[in-house]
Amino acid sequence: MNAALSRNWKHAVVTGGAGFVGSHLCTALLAQGTSVTCVDDLSTGTPQNIAPLRGMPGFRFVEADVTEPFEVRRDVDLVLHFASPAAPADYLRLPLHTLDTGGLGTRNALAVARTHGARFVLASAAGVYGHPQQHPQSETCWGHVNPVGPRSMYDEAKRFGEAMTTAEAGTHGTDTGIVRLFNTYGPRMRSHDGRAVPTFVRQALAGEPVTVTGDGLQTRSLCHVDDTVRGVLAAAASDLRVPVNLGSPVEITMLELARLIVELTGSPSQVRFVERPPDDPAVRCPDITIARGKLQWEPEVALRDGLARTVGWFRTRL
Ligand code: NAD
């Protein structure tokens with residue numbers, strides 16, 4: 001991380017810290033000497049994700065649902081609000097919980113930051129752009145979301161969370177930032193969470209057909225979790241109050257991704273085309289001009305390397 005944008009926080013609260021991205025954030029913060037209170041209801045995260053952290057000095061786990069108000073007694077100088085179902089399999093199963101976590105959960109996490117005078121960073125998502133009318137998507141894009149569509153519970157929860165964060169900063173002067181994460185992948189994803197990387201890796205390692213939706217020409221841009229964590233901590237250390245995209249600017253079609261994963265696993269699997277879910281965006285690619293300029297951040301892990309490492313991790317788990 002750029003030296004100007006690193007900060008030695010004493011104590012951070014990470015909501016959703018037992019999840020995929022959150023557990024990597026907890027690990028990175030502890031490694032730089034920051035104590036961490038991880039608040040998680042384990043609705044989509046797992047105790048295994050934080051098992052290596054449990055015995056570490058400075059790490060504390062609180063099992064709690066952030067849709068209920070919560071207090072942290074020790075001084076806090078950073079709140080990273082990452083609690084939210086994020087994988088399609090999860091938010092489709094938990095629609096009301098997803099909306100409550102984006103709304104009430106964001107409000108309660110903001111209250112903790114306000115009480116302690118801490119910097120607050122909201123994990124928002126590329127989902128706020130919906131079916132983008134601008135490509136690549138810059139932060140000035142207002143989005144094109146179907147408010148009653150099949151994935152509206154996630155996209156609108158993120159949009160509401162951003163509005164809540166903005167209102168909190170305007171009303172109480174709380175020091176807030178918003179990171180809009182694009183697709184992130186890496187170790188600790190769950191094999192059945194419905195996201196493309198774990199699905200393709202699981203199928204390829206099992207020698208099963210790799211199921212690509214539609215014609216597979218829809219694109220995503222995939223950022224390794226190590227890069228995402230570096231970007232989140234840079235945003236936290238900065239004084240940026242406007243949303244910032246964090247993601248890879250390199251686009252790949254789902255068909256190319258499936259073929260690359262089959263190659264990396266050395267699997268005999270063939271691609272099978274299946275029905276594409278409704279409201280699945282056709283393109284996703286961030287414009288990262290703000291992250292490059294203000295945070296001196298851009299992804300460093302090449303997709304092929306990151307996927308090879310991720311395949312290696314899944315191989316030991318499946
Ligand atoms: P995840 O499901 O692995 O982690 C989310 C964590 O939040 C889980 O541990 C879950 O138990 C916890 N949680 C959910 N609701 C909660 C509640 N009400 N109270 C307490 N804990 C709760 O998902 P992830 O991929 O790690 O995503 C983390 C954050 O990053 C989410 O806010 C997500 O929207 C955002 N994000 C992730 C991606 C990605 O590609 N992984 C992309 C865009 C945005």
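## Exercises on a predicted model

Tyr 154 is buried, at 10% relative accessible area (buried is under 20%, exposed over 50% and partly exposed in between, with a 1.4 Å probe and protein chains only). The model is predicted, so local features need pLDDT of at least 70 and side-chain atom pairs count only at pLDDT 80 or more, while totals for chains, interfaces and linings use all residues. Residues are numbered from 1 along each chain as its sequence is written, and side-chain values use heavy atoms, with hydrogens and water left out.

**Exercise 1.** Classify the ring pair of Tyr 91 and Tyr 154, and state which helices hold the two residues.

*Solution.* 
1. Rings of Phe, Tyr and Trp (its six-membered ring) pair if their centres lie within 6.5 Å; planes under 30 degrees apart are stacked, over 60 edge-to-face, and the rest tilted. The count by this rule is three aromatic pairs.
2. For Tyr 91 and Tyr 154, the ring centres are 4.7 Å apart and the planes stand at 10°, so this pair is stacked.
3. Tyr 91 belongs to helix α3 (residues 88-93) and Tyr 154 to helix α5 (residues 152-172), so the pair ties together parts 63 residues apart in sequence. Helices are DSSP runs (H or I, at least four residues), numbered from the N terminus.
4. Tyr 91 is buried, with a relative accessible area of 3%.

**Exercise 2.** Classify the ring pair of Trp 313 and Phe 314.

*Solution.* 
1. The centres of these rings, Trp 313 and Phe 314, are 5.1 Å apart and the planes are at 85°, so the pair is edge-to-face.
2. Phe 314 is buried, with a relative accessible area of 1%.

**Exercise 3.** Describe the lining of the second largest pocket.

*Solution.* 
1. The lining has 14 residues; Gln 48, Asn 49, Arg 188, Trp 313 and Arg 317 lie nearest the pocket's centre.
2. The elements giving two or more residues to this lining are α2 (47-50) and α10 (303-317). With three residues, α10 gives the most.

Conventions
1 Å grid on protein atoms, 1.4 Å probe; cavity = no way out; pocket = protein on both sides within 12 Å on 5 of 7 lines; lining within 4 Å.
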